[in-house]
Amino acid sequence: MTSTPLTPSARLKAALRLTRWLAAHGSEPAHVVVTFRTAQAMTYFAGGMPLTKYEDGTGEDRHARWASVTCHIHPDRDPTYRRELAEEIREALGLAADTAHLMVRFEATQPDRVLYLESGSMTNGRPLPAGHSEEKGSRHAHS
């Protein structure tokens, strides 16, 4: 997520809250990754108006004034889940509904297109289909 500058404790609080919410809705906590980026001045615009002014970035805050968030979720997640997650993100960032700007974009991502490191090997957590090998080498990397 990209937002106005947040304190380290605000980032930690938001990351823990979102991880708990996602775990309660079926995600493996270890697979929840939350990243924070602070936008540079004059780099984020809504309706042609800058939401990052020259003074932004000069200090951190406990609550975001605006945020742009991208969530990679399973394609089977329904619109209710997406709305509830967007609301949880708003609350985790402390965005006031009447004064803040928040955009949450969901990118449906098939689980087999996401790999993570587990016990020294990259995996997506699924068993390999019959006839496939975990054997490593250049002959498996080229078509």
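**Close-up views of a predicted model**

**View 1. Glutamate 87 and arginine 90 sit three residues apart in helix α2, so about one helical turn separates them.** Helices here are DSSP runs (H or I, at least four residues), strands are E runs of at least two, and both are numbered from the N terminus. The two side chains meet in a salt bridge (2.6 Å, N to O), meaning a side-chain nitrogen of Lys or Arg within 4 Å of a carboxyl oxygen of Asp or Glu. This is a predicted model, where local features need pLDDT of at least 70, side-chain atom pairs count only at pLDDT 80 or more, and totals for chains, interfaces and linings use all residues. Residues are numbered from 1 along each chain as its sequence is written, and side-chain values use heavy atoms, leaving out hydrogens and water.

**View 2. A salt bridge joins glutamate 91 and arginine 17 (2.7 Å, N to O).** Glutamate 91 belongs to helix α2 and arginine 17 to helix α1, so the pair ties together parts that are 74 residues apart in sequence. Arg17, Glu88 and Glu91 are linked in a network of salt bridges.

**View 3. Cysteine 71 has several contacts (heavy atoms within 4.5 Å).** Leaving aside residues up to four places away in sequence, cysteine 71 touches Leu85, Ile89, Val104, Arg105, Phe106 and Glu107.

**View 4. Arginine 105 and glutamate 107 form a salt bridge.** Their closest N and O atoms are 3.2 Å apart. Arginine 105 is partly exposed at 41% relative accessible area, and glutamate 107 is partly exposed at 29%; buried means under 20%, exposed over 50%, and partly exposed in between (1.4 Å probe, protein chains only).
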